[in-house]
Amino acid sequence: MLFFYIWIACQIVLESLPISSSGHIQLLEAFSSRIFGQSNNFFVGFKRFFARAIPIDTLAHVLHAPTVLIVTCFFYNRWMFLLQHIQRTWRIILKIVFLVGIVDTITALFFIIFKCVYQPEIPLGLGFFITACTLYSTRYCVSLKPKQWSWQYAIVIGVVQGITLLPGISRFASVYAAARWLGLPQTKAFEITWLVQWPLIFVASMHGIYALYTYNMFQLFIQPYTLMVMGGATIMGYYILYWMYVLARTNMLWRLSYYMLVPILGWLLLYCNLLLS
């Protein structure tokens, strides 16, 4: 169960960072296989154990629920202001719903294509490199005249978010960078980045929770230790998201691109080791 708790914490905490949480989990699993061997790989064993009762993707979807809570709490005041003054803000709300709908519809189309038709196979290290480049590029985004979010921009952001379904490419980093290069201010780009993801992770989390009932596995997530790990990771994820907001507001989010050298080098070491073995 130790690695189940580690997996839960990583899934929740890393979602608040622009570094590709799924890519890091894959890299961690690969290193575990290399160090302990396939038969003694704790992560593989953990997946096989739970896969007998429930699809592993369903467990990952359930862990979107804490991220939904984190994002909702973080933007609560902004979103509630619009709802509380709906007589004056209804046009803004309709515009937001329309633009988010465009972005997420395009993302859903990419998901269907990658899931049912064809998914390009790109190395995990290449995905990390793309994430590093997109993060670093935000260093040079200077908005002389702030622009408004439009349906044209929504199409671009939808395509970018769809591409981030490929391994190693951070959705957070890519969508934020795209919004900045389109001329949107730092704080607006940060809010849009999470606004367009919120409906997707909300639906995914509801699907995962429903599946837990279907597979009679809901008790797995209401164990005391599981709740403690999820609660601690959620609190940590909230404060990390706040830290990311501060970095974005001061145009310093690009500094995290230096960190991406760590997973890139890790992947290179693993790849070269596999070639030599």
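Residues are numbered from 1 along each chain as its sequence is written, and side-chain values use heavy atoms, with hydrogens and water left out. In this predicted model, local features need a pLDDT of at least 70 and side-chain atom pairs count only at pLDDT 80 or more, while totals for chains, interfaces and linings use all residues.

## Overall make-up

The protein has 15 helices and zero strands. Helices (H or I, at least four residues) and strands (E, at least two) are DSSP runs, numbered from the N terminus. Of the 277 residues in the protein, 48% are buried. Buried means under 20% relative accessible area, exposed means over 50%, and partly exposed lies in between (1.4 Å probe, protein chains only). Among contacts (heavy atoms within 4.5 Å) between residues at least 6 apart in sequence, 81% join residues at least 24 apart.

The average pLDDT, which is the predictor's confidence in each residue from 0 to 100, is 87 for the protein, and 88% of the residues score at least 70. Confidence is lowest in helix α3 (residues 42–51), with a mean of 57, and highest in helix α14 (residues 256–259), at 96.

## Pockets

Rolling a probe the size of a water molecule over the atoms shows where empty space is left. The search uses a 1 Å grid over the protein atoms alone: a cavity is a set of points where a 1.4 Å probe fits but cannot get out, and a pocket is an open set with protein on both sides within 12 Å along at least five of seven lines. Lining residues have an atom within 4 Å of a point. Grid points are joined across faces, edges and corners, and a volume is the space filled by probe spheres set on the points.

The largest pocket holds about 1,500 Å³ of space. It is lined by 39 residues, and those closest to its centre are Ser-22, His-61, His-64, Phe-111 and Leu-165. Two or more lining residues come from each of α1 (2–14), α2 (21–36), α4 (56–62), α7 (86–117), α10 (171–181) and α12 (198–214). The lining has 19 nonpolar, 14 polar and six charged residues. Here Ala, Val, Leu, Ile, Met, Phe, Trp, Tyr, Cys and Pro count as nonpolar, Asp, Glu, Lys and Arg as charged, and the others, Gly among them, as polar.

The second largest pocket holds about 730 Å³. Among its 23 lining residues, Trp-79, Leu-82, Ile-96, Glu-191 and Leu-195 are the closest to its centre. The elements that give two or more residues to this lining are α6 (76–84), α7, α11 (186–195) and α12. Helix α7 provides the largest share, seven residues. By class, the lining of the second largest pocket has 16 nonpolar, three polar and four charged residues.

## Single residues

The table lists the accessibility of some residues.

| Residue | Relative accessible area | Class |
|---|---|---|
| His-24 | 12% | buried |
| Ser-137 | 18% | buried |
| Phe-31 | 29% | partly exposed |
| Ile-163 | 37% | partly exposed |

His-24 is placed in helix α2. A polar atom of the His-24 side chain lies 3.1 Å from the backbone oxygen of Ile-19. Leaving aside neighbours within four places in sequence, His-24 is in contact with Leu-14, Ile-19, Phe-128, Tyr-259 and Pro-263.

Phe-31 is also found in helix α2. Phe-31 and Leu-270 are 239 residues apart in sequence, yet their C-alpha atoms are 7.2 Å apart. Not counting residues up to four places away in sequence, Phe-31 touches Gly-266 and Leu-270.

Ser-137 belongs to helix α8 (residues 124–137). With residues up to four places away left out, Ser-137 touches Ala-177 and Trp-181.

Ile-163 lies in helix α9 (residues 151–163). The C-alpha atoms of Ile-163 and Thr-107 are separated by 8.1 Å, although the two residues are 56 apart along the chain. Ile-163 touches Phe-110 and Ile-169, again not counting residues up to four places away in sequence.

## Backbone angles

Most residues other than glycine have a negative phi. Ser-20 has a positive phi, near 70°. This residue lies in the loop between α1 and α2, and Ser-20 is buried at a relative accessible area of 4%. Asn-251 has a positive phi of about 55° although it is not a glycine. Asn-251 is placed in the loop between α13 (224–249) and α14, and at 17% relative accessibility Asn-251 counts as buried.

Methods:
Polar contact = N/O pair within 3.5 Å; in protein donor to acceptor, adjacent residues only side chain to side chain.
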